Amino acid sequence: MKLKTSIPLFSAIILLTLATYVGTLLFANYSAFSAQNKIKNWQQKKIMPDANAWQEVSDSLQRALRFDPDNPEYLNSKATLYLYKGRLYERQSQQAAEANSEELSLYRQLVTLRPAWPLYWAGLINIKYRLWEVDEEMQEALRNAARLGPLFKSNQKIILRAGFHGWPFLDIETREAVNDILQRAMQIQPEQIIKQSIEQGFSSRLQPYLEDDEELMKVYERELRR
C-alpha cells in the first residue's frame, strides 16, 4: 500500500522538477531575446547606446546566463555588448582595455564551445585585429575562419582586412589561407572587395585579378575616383 502511494508522489516530484527546469529555460530565453533585440536595433539603426542603455541590456543577458551559462548565442551577444562598451570610452582608457579583454575572453570561450563555427573565429579575428595582436592565436583564427567559412561574405572581408594588414607577421600556411580567400572573394563579391581593398589599403593585391578583366578594371577605376 505504501509503495502504491509513493509512486504518484515520486512522479509528481519529477514533473515538478521538469516544470521548474523548463520554466527556468523559458525565463532565460525571454531575458536573452529582449537583450538580443535591443542589440540588433543598435546595429540596424547605427545607434551608440549610452551607459544606462548598455547596463540594462547587460543585466538582461546576465539573467539569462545565470540559468544557461554555456549557451553560445547568449555568450556571442555578450561579446557584441562588450564591443559597444569599449566604444563608450577613449580608446586608450582603462575602461576600454577592460571591455576589450572581456570581449576577447568571450570569443575564446565561444571557439572552444563551438570550434566548427567560422563566425566565432571571425569574431576572434576582429578583436585581435583591434588590439593589433598578430600572434599565433590570430593566425590560427585566420586559418580556421578561412577553412570553415570560405564562402561567407562577411568572413571573407574580415579575413582579408586582418590578413593583409598583418601580412609581414604571418607564416606561410596562414598567408596561403588568406590568398585563397582573396581568390574566392573575387569570384563571389568582386565589387565589394575592390571597394574594401581601396579603402583599407591593400589594392595592390588585386592586380592579378584586374589585368585581364576589363569590367573589373572599370570598377576599380571608378572606385579610385570616389
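This is a predicted model: local features need pLDDT of at least 70, side-chain atom pairs count only at pLDDT 80 or more; totals for chains, interfaces and linings use all residues.
**Helix packing and loop residues**

H4 itself spans residues 94–113 and has 20 residues. From its first C-alpha to its last, H4 reaches 29 Å, close to the 28 Å expected at 1.5 Å a residue. Its buried residues are Ala96, Ala99, Asn100, Glu103, Leu104, Leu106, Tyr107, Leu110 and Val111. Viewed down the axis of H4, these residues fall within an arc of 165°, so they line one face of the helix. An α-helix has 3.6 residues a turn, so residues three or four places apart point the same way. On the face of H4 turned away from the buried side are the exposed residues Gln94 and Thr112.

Helix H7 (residues 153–165) packs with helix H9 (residues 190–200) at an angle of about 35°, and their axes are 11 Å apart. The crossing of H7 past H9 is right-handed. On H7, the contact is made by Lys157, Leu160, Arg161 and His165; on H9, by Gln192, Ile193, Gln196 and Gln200. Of the residues in this contact, two are nonpolar, four polar and two charged.

Positive phi values occur at the non-glycine residues Lys46 and Trp132. For Lys46, in the loop between helix H1 (2–45) and helix H2 (51–67), phi is near 55°. Lys46 is exposed, with a relative accessible area of 74%. Trp132 lies in the loop between H5 and H6, and its phi is near 55°. Trp132 is partly exposed, its relative accessible area being 43%.

Definitions and conventions:
Residues are numbered from 1 along each chain as its sequence is written. Side-chain values use heavy atoms; hydrogens and water are left out. Axes are lines fitted to C-alpha atoms, for helices over the stretch in contact, and angles run from 0 to 180 degrees between N-to-C directions. Helices (H or I, at least four residues) and strands (E, at least two) are DSSP runs, numbered from the N terminus. A crossing is left-handed if the near helix is turned anticlockwise from the far one by less than a right angle, and right-handed if clockwise. Contact means heavy atoms within 4.5 Å. Ala, Val, Leu, Ile, Met, Phe, Trp, Tyr, Cys and Pro count as nonpolar, Asp, Glu, Lys and Arg as charged, and the others, Gly among them, as polar. The expected span of a helix is 1.5 Å times one less than its number of residues. Buried means under 20% relative accessible area, exposed over 50%, partly exposed in between (1.4 Å probe, protein chains only). The arc is that of the directions from the helix axis to the C-beta atoms.
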